[in-house]
Amino acid sequence: MYKKQMVFQKILCLITLISGGIVFMYSLGIMTDLFDSLYSTMRKKDLTQTTVPGSYLYYEMQGFNQLFVKLAIGLILVTLLLFITNTNTRRKYYVGNYVAIALNAIYGIGFTIWAHMQIEFYKAKFLQIDFVALKEHAETWDTLYTDSTFWFDVHYLVFGIVLVLELLLILNLFWKRNLMKEEASLIGKGKEAAA
């Protein structure tokens with residue numbers, strides 16, 4: 001049983017680190033279509049004066065996107081604590097392992113809630129853009145036209161993976177604790193039999 005749990009925790013820690021990389025890549029890509037379709041609509045020094053009503057969203061999202069990228073990097077760093085404390089390979093967990101798992105779960109779940117609220121807020125603002133004017137602008141200036149909410153909607157998948165992995169880390173912790181208790185019980189019985 002210990003062998004299965006050890007293999008599971010090693011794979012889980014690795015996949016959790018990979019998911020942090022996926023969130024980071026997503027944070028870099030979320031603004032790509034918005035830049036290609038909305039940036040060119042602002043042709044005056046006053047950026048709120050735009051040829052497409054609602055396209056100022058691109059600039060409104062800049063602060064969010066900068067923080068989003070930083071928090072995604074933070075997710076990777078917090079996940080690295082699992083490797084620094086050897087949670088991926090340790091047979092017996094110590095205080096550092098519990099702290100690493102707790103920080104990972106708190107950060108991952110908190111980040112997911114924050115990102116979901118922010119992305120849904122900006123998605124609603126995106127849907128208020130005058131897409132008829134945006135299409136005309138795209139045809140006139142030969143720029144990208146998109147009314148797709150794909151980059152907003154894909155956060156359900158990306159952060160769904162993060163949530164599942166955080167829950168699996170917590171379940172793995174309880175599995176490990178039960179195995180450690182069983183092992184301590186067997187060792188105690190062995191000592192009693194030897195005496």
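Q: Which residues does Asn172 touch, not counting residues up to four places away in sequence?
A: Asn172 touches Gln5, Phe8, Gln9, Leu12 and Tyr93, once residues up to four places away in sequence are set aside. Keep in mind that this is a predicted model.

Q: Where is the place of Asn172?
A: Asn172 sits in helix α7, which covers residues 155-194.

Q: Is Asn172 buried or exposed?
A: Use the cut-off: buried means under 20% relative accessible area. Asn172 has 2% relative accessibility, so it counts as buried.

Q: How many helices and strands does the secondary structure of the protein come to?
A: There are 7 helices and 0 strands. Read from the N terminus on, the order is α-α-α-α-α-α-α.

Q: What box do the C-alpha atoms of the protein fill?
A: Taken along the principal axes, the box is roughly 90 × 25 × 20 Å.

Q: What percentage of the 195 residues in the protein do buried residues make up?
A: The buried share is 38% of the 195 residues.

Q: How many positive and negative charges does the protein have, and how far apart are their mean positions?
A: There are 18 positive and 15 negative charges. Their mean positions lie 19 Å apart.

Q: What share of the contacts with a separation of 6 or more comes from residues 24 or more positions apart?
A: Contact means heavy atoms within 4.5 Å. Among contacts in the protein with a separation of 6 or more, residues 24 or more positions apart account for 80%.

Q: Which residues does Thr16 touch, not counting residues up to four places away in sequence?
A: Start with location: Thr16 lies in helix α1, residues 2-29. With residues up to four places away in sequence not counted, Thr16 touches Thr79, Leu82, Asn104, Leu165 and Leu169. Thr16 is buried, at 2% relative accessible area.

Q: How far apart are Thr16 and Lys189, in sequence and in space?
A: Read both separations. Thr16 and Lys189 are 173 residues apart in sequence, and their C-alpha atoms are 37 Å apart in space.

Q: What distance separates the C-alpha atoms of Trp175 and Tyr2?
A: Their C-alpha atoms are separated by 9.7 Å, and the two residues are 173 residues apart along the chain. Trp175 lies in helix α7. At 27% relative accessibility, Trp175 counts as partly exposed.

Q: Where does Asn65 lie?
A: Asn65 is in helix α3. Its relative accessible area is 13%, so Asn65 is buried. Asn65 touches Ser27, Ile30 and Met31, not counting residues up to four places away in sequence.

Q: How far apart are the C-alpha atoms of Asn65 and Ile101?
A: Those C-alpha atoms are separated by 27 Å, and the residues are 36 apart along the chain.

Q: How many aromatic pairs does the count come to?
A: Rings of Phe, Tyr and Trp pair if their centres lie within 6.5 Å. The count by this rule is 23 aromatic pairs. Take Phe150 and Trp151: their ring centres are 5.4 Å apart and their planes stand at 80 degrees, so the pair is edge-to-face. Phe150 is partly exposed, at 46% relative accessible area. Trp151 is also partly exposed, at 27% relative accessibility.

Q: Which residues do ring pairs link into a cluster?
A: Ring pairs link Tyr26, Phe64, Phe68, Tyr107, Phe111, Trp114, Phe121, Tyr122, Phe150, Trp151 and Phe159.

Q: What is phi of Asn86?
A: Phi of Asn86 is near 60 degrees, a positive value in a residue other than glycine. Asn86 lies in the loop between α3 (57-84) and α4 (95-126). At 32% relative accessibility, Asn86 counts as partly exposed.

Q: And what is phi of Asp142?
A: Phi of Asp142 is near 55 degrees, a positive value in a residue other than glycine. The loop between α5 (131-141) and α6 (150-153) holds Asp142. Asp142 is exposed, with a relative accessible area of 70%.

Technical notes:
Residues numbered from 1 in each chain as written. Predicted model: local features only at pLDDT ≥ 70, side-chain atom pairs only at ≥ 80, totals over all residues. Heavy atoms only, no water. Helix = DSSP H or I, 4+ residues; strand = E, 2+ residues; numbered from the N terminus. Buried < 20%, exposed > 50% of the residue type's maximum accessible area, 1.4 Å probe, protein only. Lys, Arg positive; Asp, Glu negative; His and termini not counted. Charge placed at Lys NZ, Arg CZ, Asp CG, Glu CD. Phe/Tyr/Trp six-rings, centres within 6.5 Å; stacked < 30°, edge-to-face > 60°.
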